[in-house]
Amino acid sequence: MRFAQAKCKFCGGSATAQWEDADPQEAVDRFIPMIACNPCADAYRQRNDSGSEIVSNCYRLSRASKKERAEIVGDIRTALVVLTRTYAYAMMHILRSQSVLWSEDFAQRLIESPEKASEILRQYRAEVRRMAKQGIAA
Ligand SMILES: [Zn+2]
């Protein structure tokens, strides 16, 4: 096993690259620029996992009959409140922002337009990126 100090591709912070002695040099050269530090890797994983769970909950809701919707909407709302908060905190870490943009309205928008879940997440990311760039506290 070999190690080298590398730079995180997301934040530029220090990260440790690690590879097997037998790995070809060209594979190592390709892999080192893709290294992420642990906090960035965790934040991206959390964002991606919570994002796909949000989309799958919304998909279930959008496919439900009126009767079924009435039965599942409460549980889905509870799940979406937790998932959107996780998503929002992950984006805060990704953007190195000092504040998190989140309220229950985030879950409510998804409940109202579940078929637009991916679009709502995309708009959210654009909004927090814009705010982080301008240094606006949420
Ligand atoms: Zn990083």
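Arg2 stands opposite Trp19 in E2. Strand E1 (residues 2–7) and strand E2 (residues 14–19) pair in the antiparallel sense over 6 bridges. Two strands count as paired if DSSP finds at least two bridges between them. Helices (H or I, at least four residues) and strands (E, at least two) are DSSP runs, numbered from the N terminus.

E1 and E2 form a hairpin, with 6 residues between them. In the turn, Gly12 has a positive phi of about 80°. Of the 6 residues of E1, the number buried is 0, so the strand lies largely in the open. Buried means 20 or more other C-beta atoms within 10 Å of the residue's own; exposed means 12 or fewer, and partly exposed is in between, with C-beta atoms placed from the backbone.

## Basis of the model

This is a predicted model: local features need pLDDT of at least 70, side-chain atom pairs count only at pLDDT 80 or more, and totals for chains, interfaces and linings use all residues. Residues are numbered from 1 along each chain as its sequence is written.

## Ala17

Ala17 lies in strand E2. Ala17 is partly exposed, with 16 other C-beta atoms within 10 Å. Leaving out residues up to four places away in sequence, Ala17 touches Phe3, Ala4, Ala6, Ile32 and Ile35. Contact here means C-beta atoms, placed from the backbone, within 7 Å. Glu115 is 98 residues from Ala17 along the chain, and their C-alpha atoms are separated by 41 Å.

## H2 against H3

The axes of helix H2 (residues 38–63) and helix H3 (residues 66–94) come within 8 Å and cross at roughly 160°. Axes are lines fitted to C-alpha atoms, for helices over the stretch in contact, and angles run from 0 to 180 degrees between N-to-C directions. H2 and H3 are therefore roughly antiparallel, a term for angles over 145 degrees.

The crossing of H2 and H3 is left-handed: the near helix is turned anticlockwise from the far one by less than a right angle. The residues of this contact divide into 15 nonpolar, 7 polar and 4 charged. Nonpolar covers Ala, Val, Leu, Ile, Met, Phe, Trp, Tyr, Cys and Pro; charged covers Asp, Glu, Lys and Arg; the others, Gly among them, are polar.

## H2 against H5

H2 also packs with helix H5 (residues 117–134), at an angle of about 145° and with the axes 9 Å apart. From H2, Gly51, Ile54, Val55 and Cys58 meet Ala117, Ser118 and Leu121 in H5. By class, this contact has 5 nonpolar, 2 polar and no charged residues.

## Two exposed sites

Gln25 sits in helix H1 (residues 25–31). Gln25 counts as exposed, with 8 C-beta neighbours inside 10 Å. The C-alpha atoms of Gln25 and Val81 are separated by 46 Å, at 56 residues apart along the chain.

Arg96 is found in the loop between H3 and helix H4 (104–112). Arg96 has 12 C-beta neighbours inside 10 Å and counts as exposed. Phi of Arg96 is near 55°, a positive value in a residue other than glycine.

Technical notes:
Angles under 35 degrees count as roughly parallel, over 145 as roughly antiparallel, 65 to 115 as roughly perpendicular and the rest as oblique. Two residues are in contact if their C-beta atoms, placed from the backbone, lie within 7 Å.
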